[in-house]
Amino acid sequence: MPIFVVFKQFIAFKTMLFSDKIKQLRQESGKRQKDLARAIGVDIPAYSRYEHGERRPKREQVLRLARIFKTDPDELVAMWLADEAYSHIAHDKMSDRATTLLYGMLTAKPGEDLTPDQEAEHPTVTATDQEAAPHRDMVSRLGRSAMPHYVQGDAATVMQHIEDESIDSIVTTPPYWRRRSQGTESITATSKEEFVDGLLQAMAQAWRVLKPQGSLWLNMGDDTTDGFIQGIPWRVVLQMIDKQGWHLVNEVVWNKTTTSPQGSQDHLRKVHEFMFHLVKNDDFYYNDEELRRTYALIMHNEDKARGKLSKGKQHMGQIPSDVWTIGVQRSGIAHYCVAPDTLYRLPIVATTPHDGIVLDPYCGTGTACKIAYEMNLRSIGIDINGDYIKQARATTEAKPLSLF
């Protein structure tokens, strides 16, 4: 099959990636990863990474796989090439325009423009067209690249374009009630009741997009009105449990260690927020071993930073408690705090499988997505503030890819 025909199909559907294809062919043939790894001269972990899209085989290995599977070698090589091309452009707003141009380059003769029939079949996609129908089938458009996919917009609205049960973990800090005065609120409300209702709309979308084995980690701060705590985090979470069907696994107390100066003479100084771990059922993914290992490393580093003598393995095997002492991370943005790396890293490590997808619907400058990127996980970040999205994109460098 000619490569441009396969690429044309790949552009039209964007559903069958090379890694998915070889996994499907292996399952249909009844062969084991061990057999195929030996046949193409790699170890089993390397072959497994081919099927998960984490590494790319060489061209000659693709041809060997085609012979083993008794499938069209041209089609498999073409899919291998198309997968690589798509991974480079998938997250750019002009990806549809780029695929149209690339298809034209592959089908047109040298020096020849697209024919009227080709232009009609693949019309130019403008920025206005994309804004009219944004981000539909978002997860299927991610490809296999770990480069974070950032979207500017309202969380509840953008999440409507994410497929059902497609996200492995959601880690997020929603906007604080009445705390942001720089026009960055994703939830506009004139009362705490309206604020809670707005956040519940987003959490209903979170329920829909989360896989049955997935986890939601919701970090929330409270508000004090006329000297009295409003209990907003618990208002939200209790309604999520009672009305939406969530199950609460843990409520983690984030001990921030430092806060802004407070002049009250009749209240305690507030130094904590809540991080709620919620799931859809009791069969949720949880990597206890990796969580303990990461927690031990973090605690060891914190001991060193505080000048405490620490044996390298004294924290190893320790079950993390539900009180996390993590300092606030300041940023260069006025009146804005970046979510601390550790606050997000522990949830992502614990509840995201190695081929999973992380979502942060209130991503700010992209802490959750950056951690996912470091772990070679795919991720989606949503925020209504365009400046935050730009900063998140600017601080994430693309990993080099190779065709060989």
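1. Two terms to keep handy: pLDDT is the predictor's confidence in each residue, from 0 to 100, and a contact means heavy atoms within 4.5 Å.

2. Some ground rules before going on. This is a predicted model, with local features needing pLDDT of at least 70 and side-chain atom pairs counting only at pLDDT 80 or more, while totals for chains, interfaces and linings use all residues. Residues are numbered from 1 along each chain as its sequence is written, and side-chain values use heavy atoms, with hydrogens and water left out.

3. On confidence overall, the protein averages a pLDDT of 79, and 71% of the residues score at least 70. Over residues 1-15 the pLDDT is below 50, and this stretch has 35 contacts in the model beyond near neighbours in sequence. Where pLDDT is low, the predicted coordinates should not be read in detail.

4. Of the 404 residues, 45% are buried, where buried means under 20% relative accessible area, exposed over 50%, and partly exposed in between (1.4 Å probe, protein chains only). Take the contacts between residues at least 6 apart in sequence: 70% of them join residues at least 24 apart.

5. The largest nonpolar core has 37 residues. Such a core is a set of buried Ala, Val, Leu, Ile, Met, Phe, Trp, Tyr and Cys residues joined through side-chain atoms within 4.5 Å. Ile 162, Ile 167, Leu 218, Val 236, Met 240, Leu 359 and Ile 380 touch the most other members. Elements giving two or more residues to this core include helix H10 (155-159), strand S2 (167-172), helix H11 (192-209) and S12. The largest share, eight residues, comes from H11. Apart from this core lies another, of 22 residues, among them Trp 217, Trp 254, Met 299 and Ala 372.

6. Is Arg 378 buried or exposed? Arg 378 is buried, with a relative accessible area of 13%. Arg 378 and Gly 143 are 235 residues apart in sequence, yet 8.8 Å apart in space, C-alpha to C-alpha. Beyond its neighbours within four places, the contacts of Arg 378 include Gly 143, Arg 144, Asp 355, Ile 357 and Ala 372.

7. In strand S2, look at Asp 168. Asp 168 is buried, at a relative accessible area of 8%. Its side chain makes a polar contact with the side chain of Lys 211 (3.2 Å), and the side chain of Asp 168 also reaches the backbone nitrogen of Ile 357 at 2.8 Å. A polar contact is a pair of N or O atoms within 3.5 Å; within protein, one must be able to donate a hydrogen and the other to accept it, and residues adjacent in sequence count only if both atoms are side-chain atoms.

8. Helix H16 (residues 386-394) has the buried residues Gly 386, Tyr 388, Ile 389 and Ala 392. Why are they on the same side of H16? Because they cover an arc of only 160 degrees around the axis, the arc being that of the directions from the helix axis to the C-beta atoms. The face turned away from the buried side carries the exposed residues Asp 387, Lys 390 and Ala 394. Cover for the buried residues of H16 includes strand S1 (149-152), helix H15 (367-374) and S12. At the N-terminal end, Asn 385 caps H16, with a side-chain oxygen 2.8 Å from the backbone nitrogen of Asp 387.

9. Finally, two loop residues to check. Glu 165, in the loop between H10 and S2, has a phi near 45 degrees, a positive value in a residue other than glycine. Asn 376, in the loop between H15 and S12, has a positive phi too, near 65 degrees. Glu 165 counts as partly exposed at 43% relative accessibility, and Asn 376 counts as partly exposed at 31%.

Key:
Helices (H or I, at least four residues) and strands (E, at least two) are DSSP runs, numbered from the N terminus.
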